[in-house]
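Please work through the following exercises with the sequence and the structure at hand. Each task is followed by a worked solution.

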Amino acid sequence: MKGDLLVVGLSHRTAPVEVRERLAVTPAEIEVLLRALRSDRITELAMISTCNRVEIYAVSTDGPAALGSLRDHMHERLGVAVLDQGQAYGLDRRLYQRLGREAVHHLFRVSASLDSIVVGEPQILGQVKEALEAAQRAGTVGSTLGYYFSRAFRAARRVRRETAIALQPISVSSVAVDLARTVWEGFSDLRVLIIGAGKMSDLAARSLRAQGATVAVTNRTQARAEELASRLGCEVEPFADLPRALLRADIVITSTGAREPIVGRELVVEVQKLRRGRPLVIIDIAVPRDVEASVEELDGVYLWNIDHLQREAQKNLQDRRQEAERAEVMVDEEVARALAVERGRAVGPTIAALRARLLGLARAEADKLAGKLPDLDDRGRREVQAMTEALVNKILHAPLVTLKDGASSAEGQALIEAVHKLFGLPELEVISNEDAAMEEGE
Amino acid sequence: MDAVTILYLAAYATSTGFFLLRHMGGGQRAAGVGRALLTAGFLLQLGDIGVRCVRLQHPASSTPEAIALIAWLIAGGFLLASLRYRLDAAGAFAVAPVLVLLLLARVVPSESAAAPLGSLGLTHILLATLGVATFALAAAVAVLYLWQERQLRHKHLEQLRGKSTPLDTLDRLAARCVSFGFLVFTLGIVTGALWVARLGLVSGRADVRPEYVLALASWLAFGVLLLARAGAGWRGRRAAWLTLGGFAGALLVVVSYFIRHAA
């Protein structure tokens with residue numbers, strides 16, 4: 001075993017968007033950060049940084065120390081922000097940490113969208129896969145992390161396939177449609193502006209377009225805006241002319257990766273003057289937020305951010321609680337299965353080493369005997385060889401059954417260590433990354 | 001109180017109850033029943049107005065009859081608007097004032113006009129009554145607008161989902177009511193001024209009553225609202241509050257007439 005899985009992080013459950021946005025990391029930064037965090041103590045690392053959570057998954061042989069080290073890192077990152085803001089974020093009570101089975105369980109729940117703002121939403125699985133890919137590019141994925149992530153994907157797929165949890169969840173799209181219905185009579189005269197080219201915006205744009213609204217896209221990178229526009233069959237607005245785009249829009253859905261707000265209060269005040277009081281609905285799903293919070297106070301402007309969506313989703317959760325409970329049971333089963341298989345994987349090299357050691361001894365003794373009996377022909381040699389191997393197999397049968405059974409229990413590691421000690425076996429071989437990759441491809 | 005009056009009061013009361021039920025989360029059927037009862041009350045009251053006209057208790061004959069006409073016009077205006085707009089949620093705000101005004105009109109014994117009104121007086125009272133009724137409808141819509149807008153601002157989407165009237169629709173409907181009411185009310189004020197001037201010439205004295213000032217203030221508030229809407233794009237919350245302000249003035253005119261005649 002290379003070590004235990006552990007996780008340190010915060011999410012929409014423990015921290016408001018004001019705190020989450022201070023810790024958010026861009027995809028480009030993740031790889032650098034993972035390489036920097038790797039040490040003798042922390043051998044494998046991956047990081048999930050979405051608008052709802054910032055979590056570092058790691059593998060370490062010294063779990064408590066690794067957890068402390070990762071917590072310190074989180075504190076350091078936010079420490080600057082605390083000084084900047086002059087206010088305490090209470091990070092200690094916002095950060096959670098899990099070790100061993102609890103960490104595996106957490107990863108599985110996250111991947112299965114049971115810990116999402118919008119329970120059952122499909123985006124999180126893609127985001128967890130992207131986190132694994134980023135870690136692979138950074139070279140911080142080993143067999144343990146790769147294995148648990150692949151099992152988490154499998155659990156997520158099972159939950160989606162076997163429960164109705166993903167049916168009609170509250171999503172950015174559904175909230176956008178509901179908001180539009182609350183403000184306007186129909187969709188045919190509405191213009192939706194998508195700022196940024198994220199997946200959630202893509203889905204929301206498709207949904208509103210299906211209702212009859214006109215959709216326009218703008219993005220700092222013109223090429224990405226054009227790519228999304230061609231996929232959706234809609235217009236592109238130049239990012240440099242954002243005020244004009246806002247002026248024409250009725251609904252704005254924004255999800256850029258900008259570190260600072262791109263839509264400030266002053267801009268919206270000016271735009272609203274020119275709009276002559278026409279209502280403006282803004283859905284800001286970016287973390288850090290794209291729209292200044294005080295915009296919400298303006299007359300005729302209805303601003304929803306990611307936390308507002310969360311509260312809306314929690315109301316909706318009540319309706320699908322039964323499905324979520326079924327999904328939780330499935331996740332528990334998958335966690336137990338994954339841990340059992342992992343223990344089985346751990347015992348494999350021990351069994352191979354034990355068999356090799358005893359068979360080697362048996363063959364050596366058979367060869368020695370053959371040397372002492374010059375009249376023994378080839379057939380006789382093969383019989384002796386077969387007899388010694390059969391003897392070894394019979395002797396090993398009961399211990400191997402015990403070892404295999406014990407491997408899926410909590411005492412598995414102790415048994416393995418005892419066998420290594422008793423038979424003088426070499427250090428455990430580390431399962432190769434290729435094995436983990438094969439598992440992932442299941 | 002005769003049987004027909006009791007019947008349409010009961011119809012309006014139960015209609016208000018059903019619209020309130022709808023407003024508090026009841027199904028669409030509640031609004032349907034509310035609308036049917038409102039239609040029944042509206043038709044019964046129409047018959048009652050006809051009978052009263054035959055008995056020379058026409059709407060311009062006394063303040064209570066004028067108030068009853070305002071109530072009937074609000075009910076009719078709401079039913080008419082319901083044909084075009086999704087106004088289930090507004091029912092509670094529009095029909096409750098109908099009930100209150102009618103109760104007010106019917107509990108006070110009807111008095112006869114002190115002097116014959118003449119065509120100018122009759123025109124003035126009918127125009128002013130129609131104007132106030134239209135403003136009342138605009139105010140009911142404005143109250144609903146402010147309530148829904150508050151729910152939306154506080155992110156209580158579940159309070160609105162599937163049963164609210166879109167804010168933009170309410171805003172436009174209130175604006176149309178105010179535009180129409182302002183035109184009618186302006187004509188009412190002009191005819192009223194001419195009527196008062198003629199009465200003054202006949203009697204040799206011209207009083208300036210508080211109602212006149214209140215009516216003028218109300219007219220000014222609505223005038224400012226229309227100008228601000230056309231010129232500066234005043235909509236939404238500000239427009240709703242100004243509508244309520246203007247209607248408060250118009251309501252005080254009616255109340256002061258009512259008190260004067262009840263005294």
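The exercises below concern a predicted model.

**Exercise 1. Helix packing in chain A**

Task: Determine how helix α14 and helix α16 of chain A are oriented and which residues form their contact.

Solution:
- Two packed helices are described by the angle between their axes and the distance between the axes.
- For α14 (residues 321-372) and α16 (residues 412-423) of chain A, the angle is about 15° and the axes are 10 Å apart.
- Angles under 35 degrees count as roughly parallel, and α14(A) and α16(A) are therefore roughly parallel to each other.
- The crossing of α14(A) past α16(A) is left-handed.
- On the α14(A) side, the contact is made by A:R343, A:A346, A:V347, A:T350, A:L354 and A:R357; on the α16(A) side, by A:G412, A:I416, A:V419, A:H420 and A:F423.
- Sorted by class, this contact comprises six nonpolar, three polar and two charged residues.

**Exercise 2. The contact between the chains**

Task: Describe the contribution of chain A to its contact with chain B.

Solution:
- Chain A provides 17 residues and chain B provides 18 residues.
- In chain A, at least two residues each come from α8 (172-183), β10 (301-305) and α13 (306-317).
- The side of chain A that touches chain B has eight charged, five nonpolar and four polar residues.

**Exercise 3. The surroundings of A:G277**

Task: Is A:G277 buried or exposed, and which residues does A:G277 contact?

Solution:
- A:G277 lies in the loop that links α12 (265-275) to β9 (280-284) in chain A.
- A residue is buried if 20 or more other C-beta atoms lie within 10 Å of its own. A:G277 has 20 such atoms within 10 Å and is therefore buried.
- Beyond neighbours within four places in sequence, A:G277 is in contact with A:G300 in chain A and with B:G233, B:W234, B:R235 and B:G236 in chain B.
- A:D299, 22 residues away in sequence, has its C-alpha 7.8 Å from that of A:G277.

**Exercise 4. The make-up of chain B**

Task: How many helices and strands does chain B have, and what share of its residues is buried?

Solution:
- Chain B has eight helices and zero strands.
- Of its 263 residues, 47% count as buried.
- Among contacts in chain B with a separation of 6 or more, 81% join residues 24 or more positions apart.

**Exercise 5. Confidence in chain A**

Task: Identify where chain A should be read with caution.

Solution:
- Chain A has a mean pLDDT of 83, and 89% of its residues reach 70 or more.
- Residues 80-87 of chain A have pLDDT below 50, with three contacts in the model beyond near neighbours in sequence.
- Residues 429-442 of chain A also stay under 50, with 21 contacts beyond four places in sequence.
- Where pLDDT is low, the predicted coordinates should not be read in detail.

Definitions and conventions
Residues numbered from 1 in each chain as written. Chains lettered and ligands numbered in written order. Predicted model: local features only at pLDDT ≥ 70, side-chain atom pairs only at ≥ 80, totals over all residues. Axes fitted to C-alpha atoms, helices over the stretch in contact; angles between N-to-C directions. Helix = DSSP H or I, 4+ residues; strand = E, 2+ residues; numbered from the N terminus. Parallel < 35°, antiparallel > 145°, perpendicular 65-115°, else oblique. Left-handed = near helix turned anticlockwise from the far one by under 90°. Contact = placed C-beta atoms within 7 Å. Nonpolar A, V, L, I, M, F, W, Y, C, P; charged D, E, K, R; others polar. Buried ≥ 20, exposed ≤ 12 C-beta atoms within 10 Å, placed from the backbone. pLDDT = per-residue confidence, 0-100.
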